Amino acid sequence: MLQPENYPRYLGQALVLEPDPFVEMVDDDNPWVEGLFLVTSIAVLVGLAKIVGGLLLTASLPDPNAVLETFFLALRQVTGGAGLPAEAQEQVRFLWDLWRSAVGYGTGWLRLLLLVSLPAGWLLQWLVTGLLGYGGARLLGGQGSLNQTLGAMALMVAPRLLLLVQVIPFTQVSSLLLWTWGLLIAYRALQTAHELPYPRAAAAALFAFLGMALLTALVATAVGFFLGFWGGLL
Amino acid sequence: MWDRTKMREWLPSTQQMSDAAQLRPEAYTAITMRQALGMIVLLGLVAGFIPFLINWALAARTGAALPLAMLARAGAAMQEGPLVFPAAPVISVMGDLYQTLAGLGQPLPGWLAAGLSALGEWLSWPLRWLNLWIVYGLLVMVLNKGLGATNTLQRFYAATGFAAVPLLLSGLAPIPCLGGLFRLAAWIWALAVYVKANQAVTGFSLGSSALAVFLPLGAILLFFLMLTGLWAMGLIFALG
(Lines give C-alpha, C1' and ligand atoms only; values in the text may rest on other atoms or scores of the structure.)
Protein backbone atom coordinates (compact mmCIF):
# COMPACT_ATOMS: atom_id res chain seq x y z
CA MET A 1 0.00 0.00 0.00
CA LEU A 2 1.28 3.47 -0.85
CA GLN A 3 2.41 5.46 2.18
CA PRO A 4 2.97 9.06 1.01
CA GLU A 5 2.52 10.31 4.57
CA ASN A 6 5.86 8.67 5.37
CA TYR A 7 7.74 10.27 2.46
CA PRO A 8 8.97 13.37 4.30
CA ARG A 9 10.46 11.16 7.03
CA TYR A 10 11.92 8.72 4.50
CA LEU A 11 13.54 11.53 2.54
CA GLY A 12 14.93 13.33 5.61
CA GLN A 13 16.43 10.10 6.98
CA ALA A 14 17.79 9.02 3.59
CA LEU A 15 19.59 12.36 3.25
CA VAL A 16 21.57 11.63 6.39
CA LEU A 17 22.08 7.97 5.39
CA GLU A 18 20.07 6.54 8.32
CA PRO A 19 19.14 2.88 7.71
CA ASP A 20 15.40 2.99 8.61
CA PRO A 21 13.91 4.25 5.31
CA PHE A 22 15.96 1.76 3.28
CA VAL A 23 14.81 -1.13 5.49
CA GLU A 24 11.19 0.06 5.30
CA MET A 25 11.35 0.37 1.51
CA VAL A 26 12.87 -3.10 1.16
CA ASP A 27 10.21 -4.58 3.48
CA ASP A 28 7.34 -2.76 1.74
CA ASP A 29 4.66 -4.99 0.18
CA ASN A 30 5.37 -3.47 -3.24
CA PRO A 31 8.64 -1.54 -3.18
CA TRP A 32 8.85 -0.60 -6.88
CA VAL A 33 5.35 0.92 -6.90
CA GLU A 34 6.26 2.91 -3.79
CA GLY A 35 9.46 4.02 -5.54
CA LEU A 36 7.60 4.97 -8.71
CA PHE A 37 5.17 7.13 -6.75
CA LEU A 38 7.94 8.70 -4.66
CA VAL A 39 10.09 9.66 -7.66
CA THR A 40 7.10 10.98 -9.62
CA SER A 41 5.80 13.06 -6.69
CA ILE A 42 9.16 14.74 -6.06
CA ALA A 43 9.71 15.35 -9.80
CA VAL A 44 6.29 17.01 -10.16
CA LEU A 45 6.93 19.18 -7.09
CA VAL A 46 10.35 20.24 -8.43
CA GLY A 47 8.81 20.83 -11.86
CA LEU A 48 6.24 23.18 -10.31
CA ALA A 49 9.00 25.00 -8.39
CA LYS A 50 11.02 25.40 -11.59
CA ILE A 51 7.98 26.75 -13.46
CA VAL A 52 7.35 29.41 -10.81
CA GLY A 53 11.10 30.12 -10.65
CA GLY A 54 11.23 30.52 -14.44
CA LEU A 55 8.30 32.97 -14.36
CA LEU A 56 9.98 35.04 -11.64
CA LEU A 57 13.30 34.91 -13.51
CA THR A 58 11.65 36.20 -16.68
CA ALA A 59 9.96 38.97 -14.71
CA SER A 60 13.27 39.94 -13.07
CA LEU A 61 15.26 40.26 -16.29
CA PRO A 62 14.89 42.39 -19.44
CA ASP A 63 13.12 41.06 -22.52
CA PRO A 64 15.43 38.33 -23.96
CA ASN A 65 15.08 39.66 -27.52
CA ALA A 66 16.16 43.12 -26.37
CA VAL A 67 19.18 41.58 -24.61
CA LEU A 68 20.22 39.77 -27.80
CA GLU A 69 19.75 42.84 -30.00
CA THR A 70 21.86 44.91 -27.57
CA PHE A 71 24.57 42.26 -27.84
CA PHE A 72 24.47 42.37 -31.66
CA LEU A 73 24.63 46.17 -31.56
CA ALA A 74 27.77 46.01 -29.40
CA LEU A 75 29.31 43.51 -31.83
CA ARG A 76 28.62 45.90 -34.72
CA GLN A 77 30.42 48.64 -32.80
CA VAL A 78 33.44 46.42 -32.13
CA THR A 79 33.69 45.27 -35.76
CA GLY A 80 33.36 48.80 -37.16
CA GLY A 81 29.75 48.43 -38.33
CA ALA A 82 30.12 45.06 -40.04
CA GLY A 83 28.68 42.92 -37.23
CA LEU A 84 28.27 39.17 -37.47
CA PRO A 85 27.45 37.53 -40.81
CA ALA A 86 23.73 36.66 -41.11
CA GLU A 87 24.43 32.93 -40.81
CA ALA A 88 26.46 33.37 -37.62
CA GLN A 89 23.70 35.61 -36.20
CA GLU A 90 21.17 32.84 -36.78
CA GLN A 91 23.44 30.39 -35.00
CA VAL A 92 23.85 32.74 -32.02
CA ARG A 93 20.05 33.19 -31.90
CA PHE A 94 19.63 29.41 -31.92
CA LEU A 95 22.13 28.92 -29.07
CA TRP A 96 20.52 31.78 -27.11
CA ASP A 97 17.07 30.16 -27.47
CA LEU A 98 18.51 26.83 -26.41
CA TRP A 99 20.06 28.35 -23.28
CA ARG A 100 16.83 30.24 -22.49
CA SER A 101 14.85 27.01 -22.72
CA ALA A 102 17.28 25.30 -20.34
CA VAL A 103 16.96 27.99 -17.65
CA GLY A 104 13.31 28.90 -18.27
CA TYR A 105 14.00 32.52 -19.28
CA GLY A 106 11.14 33.90 -21.38
CA THR A 107 10.00 30.49 -22.60
CA GLY A 108 6.23 31.10 -22.23
CA TRP A 109 3.93 28.08 -22.17
CA LEU A 110 6.82 25.83 -23.20
CA ARG A 111 7.93 25.70 -19.56
CA LEU A 112 4.83 23.63 -18.71
CA LEU A 113 6.55 20.76 -20.54
CA LEU A 114 8.68 20.42 -17.39
CA LEU A 115 5.72 18.78 -15.66
CA VAL A 116 6.06 15.90 -18.10
CA SER A 117 9.73 15.90 -19.08
CA LEU A 118 11.12 16.07 -15.54
CA PRO A 119 9.17 13.09 -14.11
CA ALA A 120 9.83 11.11 -17.32
CA GLY A 121 13.58 11.83 -17.19
CA TRP A 122 13.88 11.08 -13.48
CA LEU A 123 11.88 7.86 -13.78
CA LEU A 124 14.15 6.74 -16.60
CA GLN A 125 17.25 7.56 -14.53
CA TRP A 126 15.80 5.67 -11.54
CA LEU A 127 15.00 2.61 -13.65
CA VAL A 128 18.40 2.54 -15.39
CA THR A 129 20.36 3.14 -12.15
CA GLY A 130 18.18 0.61 -10.33
CA LEU A 131 18.67 -2.05 -12.98
CA LEU A 132 22.42 -1.46 -13.18
CA GLY A 133 22.69 -1.40 -9.38
CA TYR A 134 20.72 -4.65 -9.17
CA GLY A 135 22.93 -6.27 -11.82
CA GLY A 136 26.13 -5.08 -10.14
CA ALA A 137 24.98 -6.16 -6.67
CA ARG A 138 23.92 -9.62 -7.86
CA LEU A 139 27.25 -10.07 -9.62
CA LEU A 140 29.01 -9.22 -6.35
CA GLY A 141 27.00 -11.77 -4.36
CA GLY A 142 23.91 -9.73 -3.38
CA GLN A 143 20.69 -11.54 -2.47
CA GLY A 144 18.03 -8.83 -2.86
CA SER A 145 15.30 -8.87 -5.50
CA LEU A 146 14.90 -6.33 -8.31
CA ASN A 147 11.66 -5.15 -6.69
CA GLN A 148 13.45 -4.42 -3.39
CA THR A 149 16.40 -2.77 -5.17
CA LEU A 150 14.13 -0.40 -7.10
CA GLY A 151 12.23 0.51 -3.93
CA ALA A 152 15.38 1.33 -1.95
CA MET A 153 17.10 3.08 -4.87
CA ALA A 154 14.11 5.42 -5.26
CA LEU A 155 15.39 7.23 -2.16
CA MET A 156 18.22 8.57 -4.36
CA VAL A 157 15.74 11.27 -5.26
CA ALA A 158 16.04 12.77 -1.74
CA PRO A 159 18.85 15.29 -2.49
CA ARG A 160 16.85 16.61 -5.44
CA LEU A 161 14.45 18.10 -2.91
CA LEU A 162 17.07 20.87 -2.77
CA LEU A 163 15.92 21.86 -6.25
CA LEU A 164 12.72 23.15 -4.65
CA VAL A 165 14.66 26.30 -3.72
CA GLN A 166 14.72 27.12 -7.44
CA VAL A 167 11.26 28.54 -6.88
CA ILE A 168 13.39 31.62 -6.13
CA PRO A 169 15.23 32.71 -9.29
CA PHE A 170 19.05 32.88 -9.37
CA THR A 171 19.41 30.08 -6.79
CA GLN A 172 22.21 27.73 -7.81
CA VAL A 173 22.09 24.03 -6.98
CA SER A 174 25.14 22.11 -8.16
CA SER A 175 24.46 18.95 -10.18
CA LEU A 176 27.67 17.52 -8.75
CA LEU A 177 26.17 17.79 -5.24
CA LEU A 178 22.94 16.07 -6.30
CA TRP A 179 24.74 13.23 -8.08
CA THR A 180 27.33 12.68 -5.35
CA TRP A 181 24.68 12.66 -2.62
CA GLY A 182 22.58 10.35 -4.81
CA LEU A 183 25.57 8.02 -5.10
CA LEU A 184 25.95 7.88 -1.31
CA ILE A 185 22.25 7.05 -0.93
CA ALA A 186 22.46 4.42 -3.69
CA TYR A 187 25.36 2.83 -1.79
CA ARG A 188 23.25 2.62 1.38
CA ALA A 189 20.28 1.31 -0.63
CA LEU A 190 22.30 -1.50 -2.23
CA GLN A 191 23.99 -2.31 1.08
CA THR A 192 20.57 -2.71 2.73
CA ALA A 193 18.64 -4.38 -0.11
CA HIS A 194 21.39 -6.92 -0.83
CA GLU A 195 23.02 -7.17 2.60
CA LEU A 196 26.40 -6.48 1.05
CA PRO A 197 29.59 -5.48 2.92
CA TYR A 198 30.67 -1.88 2.28
CA PRO A 199 33.32 -2.41 -0.47
CA ARG A 200 30.93 -4.50 -2.59
CA ALA A 201 27.99 -2.15 -2.04
CA ALA A 202 30.25 0.78 -2.99
CA ALA A 203 31.43 -1.02 -6.14
CA ALA A 204 27.85 -1.84 -7.17
CA ALA A 205 26.71 1.77 -6.60
CA LEU A 206 29.69 3.11 -8.54
CA PHE A 207 28.99 0.68 -11.38
CA ALA A 208 25.36 1.87 -11.53
CA PHE A 209 26.35 5.54 -11.54
CA LEU A 210 29.17 5.16 -14.08
CA GLY A 211 26.80 3.23 -16.34
CA MET A 212 24.20 5.96 -15.94
CA ALA A 213 26.80 8.67 -16.63
CA LEU A 214 27.97 6.86 -19.77
CA LEU A 215 24.40 6.48 -21.00
CA THR A 216 23.65 10.14 -20.24
CA ALA A 217 26.79 11.21 -22.13
CA LEU A 218 25.77 9.12 -25.14
CA VAL A 219 22.22 10.51 -25.15
CA ALA A 220 23.52 14.08 -24.65
CA THR A 221 25.94 13.66 -27.59
CA ALA A 222 23.15 12.30 -29.80
CA VAL A 223 20.82 15.17 -28.82
CA GLY A 224 23.69 17.63 -29.32
CA PHE A 225 24.30 16.34 -32.85
CA PHE A 226 20.57 16.46 -33.63
CA LEU A 227 20.23 20.03 -32.33
CA GLY A 228 23.47 21.01 -34.09
CA PHE A 229 22.18 19.82 -37.45
CA TRP A 230 18.75 21.33 -36.80
CA GLY A 231 20.20 24.67 -35.81
CA GLY A 232 22.69 24.68 -38.69
CA LEU A 233 25.74 24.58 -36.39
CA LEU A 234 27.16 21.40 -37.95
CA MET B 1 4.92 26.02 19.57
CA TRP B 2 8.71 25.83 19.20
CA ASP B 3 9.81 22.29 20.01
CA ARG B 4 13.34 22.39 21.48
CA THR B 5 13.72 18.59 21.37
CA LYS B 6 12.99 18.55 17.64
CA MET B 7 15.44 21.43 17.17
CA ARG B 8 18.13 19.47 19.07
CA GLU B 9 17.68 16.62 16.57
CA TRP B 10 18.70 18.98 13.78
CA LEU B 11 21.25 21.21 15.51
CA PRO B 12 24.16 20.70 17.91
CA SER B 13 24.37 23.01 20.91
CA THR B 14 26.27 26.29 20.66
CA GLN B 15 28.69 24.84 23.27
CA GLN B 16 29.47 21.92 20.91
CA MET B 17 30.04 24.34 18.05
CA SER B 18 32.33 26.45 20.20
CA ASP B 19 34.28 23.36 21.36
CA ALA B 20 34.68 22.18 17.77
CA ALA B 21 35.90 25.59 16.64
CA GLN B 22 38.48 25.45 19.46
CA LEU B 23 39.67 22.11 18.04
CA ARG B 24 38.64 20.11 21.15
CA PRO B 25 38.55 16.47 19.92
CA GLU B 26 35.64 15.33 22.11
CA ALA B 27 33.26 17.69 20.28
CA TYR B 28 33.65 15.85 16.99
CA THR B 29 32.28 12.53 18.20
CA ALA B 30 29.18 13.95 19.89
CA ILE B 31 27.21 14.98 16.82
CA THR B 32 24.95 13.19 14.32
CA MET B 33 24.97 13.67 10.54
CA ARG B 34 21.43 15.07 10.86
CA GLN B 35 22.67 17.76 13.27
CA ALA B 36 25.60 18.52 10.96
CA LEU B 37 23.23 19.00 8.01
CA GLY B 38 20.99 21.35 10.01
CA MET B 39 24.01 23.27 11.29
CA ILE B 40 25.50 23.77 7.82
CA VAL B 41 22.20 25.06 6.42
CA LEU B 42 21.65 27.41 9.37
CA LEU B 43 25.22 28.76 9.48
CA GLY B 44 25.24 29.18 5.69
CA LEU B 45 22.12 31.32 5.94
CA VAL B 46 23.54 33.35 8.85
CA ALA B 47 26.85 33.94 7.01
CA GLY B 48 25.06 34.96 3.84
CA PHE B 49 22.76 37.49 5.53
CA ILE B 50 25.05 40.54 5.47
CA PRO B 51 26.10 39.90 1.84
CA PHE B 52 22.37 39.51 1.03
CA LEU B 53 21.56 42.95 2.42
CA ILE B 54 24.54 44.52 0.64
CA ASN B 55 23.70 42.77 -2.65
CA TRP B 56 20.08 43.87 -2.41
CA ALA B 57 21.07 47.49 -1.77
CA LEU B 58 23.62 47.43 -4.58
CA ALA B 59 21.20 45.90 -7.11
CA ALA B 60 18.29 48.11 -6.01
CA ARG B 61 20.43 51.21 -6.59
CA THR B 62 20.95 50.05 -10.19
CA GLY B 63 17.28 49.06 -10.44
CA ALA B 64 18.11 45.67 -11.92
CA ALA B 65 18.63 42.04 -10.94
CA LEU B 66 21.91 41.31 -9.12
CA PRO B 67 23.87 39.74 -12.04
CA LEU B 68 23.02 42.71 -14.26
CA ALA B 69 23.85 45.18 -11.50
CA MET B 70 27.24 43.48 -11.08
CA LEU B 71 27.79 43.68 -14.83
CA ALA B 72 26.92 47.39 -14.80
CA ARG B 73 29.44 47.90 -11.99
CA ALA B 74 32.09 45.99 -13.92
CA GLY B 75 31.24 48.04 -17.01
CA ALA B 76 31.71 51.31 -15.12
CA ALA B 77 35.01 50.05 -13.67
CA MET B 78 36.20 49.09 -17.16
CA GLN B 79 35.54 52.55 -18.49
CA GLU B 80 37.14 54.27 -15.51
CA GLY B 81 40.30 52.15 -15.65
CA PRO B 82 43.30 52.90 -17.89
CA LEU B 83 42.56 51.73 -21.45
CA VAL B 84 45.48 49.93 -23.11
CA PHE B 85 45.53 50.82 -26.85
CA PRO B 86 44.86 47.52 -28.72
CA ALA B 87 42.08 46.45 -26.37
CA ALA B 88 40.71 49.93 -25.66
CA PRO B 89 37.82 49.97 -28.17
CA VAL B 90 36.65 46.50 -27.16
CA ILE B 91 36.81 47.30 -23.44
CA SER B 92 34.94 50.54 -23.98
CA VAL B 93 32.17 48.79 -25.97
CA MET B 94 31.95 46.01 -23.37
CA GLY B 95 31.61 48.59 -20.62
CA ASP B 96 28.81 50.25 -22.60
CA LEU B 97 27.14 46.89 -23.28
CA TYR B 98 27.09 45.93 -19.60
CA GLN B 99 25.61 49.24 -18.56
CA THR B 100 23.02 49.19 -21.35
CA LEU B 101 21.94 45.66 -20.39
CA ALA B 102 21.43 46.75 -16.79
CA GLY B 103 19.41 49.73 -17.95
CA LEU B 104 17.04 47.80 -20.23
CA GLY B 105 14.45 47.40 -17.48
CA GLN B 106 12.31 44.44 -16.54
CA PRO B 107 8.63 43.72 -15.84
CA LEU B 108 9.11 43.72 -12.03
CA PRO B 109 9.95 46.95 -10.18
CA GLY B 110 13.73 47.38 -9.83
CA TRP B 111 13.81 46.92 -6.03
CA LEU B 112 11.82 43.69 -6.27
CA ALA B 113 13.94 42.20 -9.07
CA ALA B 114 16.99 43.20 -7.03
CA GLY B 115 15.53 41.62 -3.87
CA LEU B 116 14.59 38.35 -5.58
CA SER B 117 18.00 37.94 -7.18
CA ALA B 118 19.80 38.80 -3.94
CA LEU B 119 17.55 36.29 -2.13
CA GLY B 120 18.49 33.62 -4.70
CA GLU B 121 22.17 34.37 -4.12
CA TRP B 122 21.63 34.22 -0.34
CA LEU B 123 19.92 30.80 -0.55
CA SER B 124 22.87 29.58 -2.61
CA TRP B 125 25.25 30.06 0.37
CA PRO B 126 24.24 26.92 2.31
CA LEU B 127 23.96 25.02 -0.97
CA ARG B 128 27.60 25.82 -1.79
CA TRP B 129 28.66 24.71 1.70
CA LEU B 130 26.67 21.48 1.34
CA ASN B 131 28.42 20.92 -1.98
CA LEU B 132 31.83 21.17 -0.31
CA TRP B 133 30.76 19.02 2.63
CA ILE B 134 29.34 16.17 0.56
CA VAL B 135 31.50 16.17 -2.59
CA TYR B 136 34.90 16.99 -1.08
CA GLY B 137 34.02 14.80 1.91
CA LEU B 138 33.57 11.79 -0.33
CA LEU B 139 37.06 12.25 -1.79
CA VAL B 140 38.57 12.51 1.70
CA MET B 141 36.58 9.51 2.89
CA VAL B 142 37.87 7.40 -0.03
CA LEU B 143 41.44 8.31 0.98
CA ASN B 144 40.64 7.58 4.63
CA LYS B 145 39.50 4.10 3.68
CA GLY B 146 42.65 3.66 1.59
CA LEU B 147 44.70 4.60 4.65
CA GLY B 148 42.85 2.00 6.73
CA ALA B 149 40.10 3.95 8.50
CA THR B 150 37.16 1.91 9.82
CA ASN B 151 34.67 4.67 10.67
CA THR B 152 31.26 4.95 8.97
CA LEU B 153 30.25 7.58 6.43
CA GLN B 154 27.71 9.01 8.86
CA ARG B 155 30.26 9.57 11.62
CA PHE B 156 32.66 11.16 9.15
CA TYR B 157 30.11 13.55 7.70
CA ALA B 158 28.79 14.37 11.17
CA ALA B 159 32.22 15.42 12.46
CA THR B 160 33.41 17.28 9.38
CA GLY B 161 30.22 19.35 9.34
CA PHE B 162 31.82 21.43 12.12
CA ALA B 163 34.10 23.00 9.48
CA ALA B 164 31.10 25.24 8.76
CA VAL B 165 31.51 27.01 12.12
CA PRO B 166 34.63 29.07 11.25
CA LEU B 167 33.21 29.67 7.77
CA LEU B 168 30.76 32.04 9.47
CA LEU B 169 33.58 34.60 9.26
CA SER B 170 33.38 34.55 5.47
CA GLY B 171 30.06 36.39 5.81
CA LEU B 172 32.14 39.44 6.79
CA ALA B 173 33.90 39.42 3.41
CA PRO B 174 32.05 42.53 2.13
CA ILE B 175 33.76 44.71 4.80
CA PRO B 176 36.19 47.01 2.97
CA CYS B 177 39.92 46.24 3.46
CA LEU B 178 39.40 43.64 6.22
CA GLY B 179 36.92 41.48 4.29
CA GLY B 180 39.60 39.54 2.43
CA LEU B 181 41.42 38.81 5.68
CA PHE B 182 38.22 37.51 7.30
CA ARG B 183 37.65 35.22 4.35
CA LEU B 184 41.23 33.91 4.43
CA ALA B 185 41.06 33.34 8.19
CA ALA B 186 37.72 31.54 7.78
CA TRP B 187 39.12 29.08 5.24
CA ILE B 188 42.36 28.37 7.13
CA TRP B 189 40.44 27.85 10.38
CA ALA B 190 37.85 25.64 8.62
CA LEU B 191 40.63 23.47 7.19
CA ALA B 192 42.16 23.12 10.65
CA VAL B 193 38.78 22.04 12.07
CA TYR B 194 38.33 19.65 9.15
CA VAL B 195 41.72 17.98 9.77
CA LYS B 196 41.02 17.67 13.52
CA ALA B 197 37.52 16.30 12.90
CA ASN B 198 38.89 13.76 10.44
CA GLN B 199 41.56 12.77 12.96
CA ALA B 200 38.96 12.34 15.71
CA VAL B 201 36.72 10.00 13.71
CA THR B 202 39.44 7.98 11.98
CA GLY B 203 41.91 7.71 14.84
CA PHE B 204 44.74 8.69 12.47
CA SER B 205 47.81 10.67 13.46
CA LEU B 206 47.61 14.40 12.65
CA GLY B 207 49.91 13.90 9.65
CA SER B 208 47.83 11.09 8.12
CA SER B 209 44.64 13.04 8.70
CA ALA B 210 46.15 16.14 7.03
CA LEU B 211 47.35 13.99 4.14
CA ALA B 212 43.85 12.60 3.56
CA VAL B 213 42.36 16.11 3.71
CA PHE B 214 44.89 17.93 1.51
CA LEU B 215 45.66 15.28 -1.11
CA PRO B 216 42.32 15.71 -2.96
CA LEU B 217 42.86 19.49 -2.87
CA GLY B 218 46.33 19.06 -4.40
CA ALA B 219 44.97 16.66 -7.02
CA ILE B 220 42.20 19.10 -7.99
CA LEU B 221 44.70 21.99 -8.23
CA LEU B 222 47.05 19.87 -10.34
CA PHE B 223 44.17 18.87 -12.61
CA PHE B 224 43.19 22.51 -13.19
CA LEU B 225 46.82 23.52 -13.72
CA MET B 226 47.19 20.80 -16.35
CA LEU B 227 43.91 21.86 -17.96
CA THR B 228 45.07 25.49 -18.07
CA GLY B 229 48.43 24.41 -19.47
CA LEU B 230 46.77 22.38 -22.21
CA TRP B 231 44.46 25.29 -23.02
CA ALA B 232 47.41 27.71 -23.19
CA MET B 233 49.36 25.32 -25.42
CA GLY B 234 46.35 24.94 -27.70
CA LEU B 235 46.02 28.72 -27.89
CA ILE B 236 49.73 29.13 -28.73
CA PHE B 237 49.49 26.50 -31.48
CA ALA B 238 46.30 28.04 -32.84
CA LEU B 239 47.86 31.52 -32.97
CA GLY B 240 51.19 30.55 -34.25
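Two residues are in contact if their C-beta atoms, placed from the backbone, lie within 7 Å. The structure described here is a predicted model.

The contact between the chains takes 29 residues from chain A and 33 residues from chain B. The largest share, 7 residues, comes from H4(A). By residue type, the side of chain A that touches chain B divides into 22 nonpolar and 7 polar residues. No charged residue is found on this side of chain A.

Helix H4 of chain B covers residues 66–80. Its 15 residues should span 21 Å at 1.5 Å a residue. Several residues of H4(B) are buried, among them B:Leu66, B:Leu68 and B:Ala69. B:Leu71, B:Ala72 and B:Gly75 are buried too. An α-helix has 3.6 residues a turn, so residues three or four places apart point the same way.

In chain A, A:Ala203 lies in helix H9 (residues 198–230). Leaving aside neighbours within four places in sequence, A:Ala203 is in contact with A:Gly136 and A:Leu140. A:Leu190 is 13 residues from A:Ala203 in sequence. In space, the C-alpha atoms of A:Ala203 and A:Leu190 are 9.9 Å apart. Around A:Ala203, 17 other C-beta atoms lie within 10 Å. A residue is buried at 20 or more such atoms and exposed at 12 or fewer. A:Ala203 is therefore partly exposed.

How values were computed
Residues are numbered from 1 along each chain as its sequence is written. Chains are lettered from A and ligands numbered from 1 in the order in which they are written. This is a predicted model: local features need pLDDT of at least 70, side-chain atom pairs count only at pLDDT 80 or more; totals for chains, interfaces and linings use all residues. Helices (H or I, at least four residues) and strands (E, at least two) are DSSP runs, numbered from the N terminus. Ala, Val, Leu, Ile, Met, Phe, Trp, Tyr, Cys and Pro count as nonpolar, Asp, Glu, Lys and Arg as charged, and the others, Gly among them, as polar. The expected span of a helix is 1.5 Å times one less than its number of residues.
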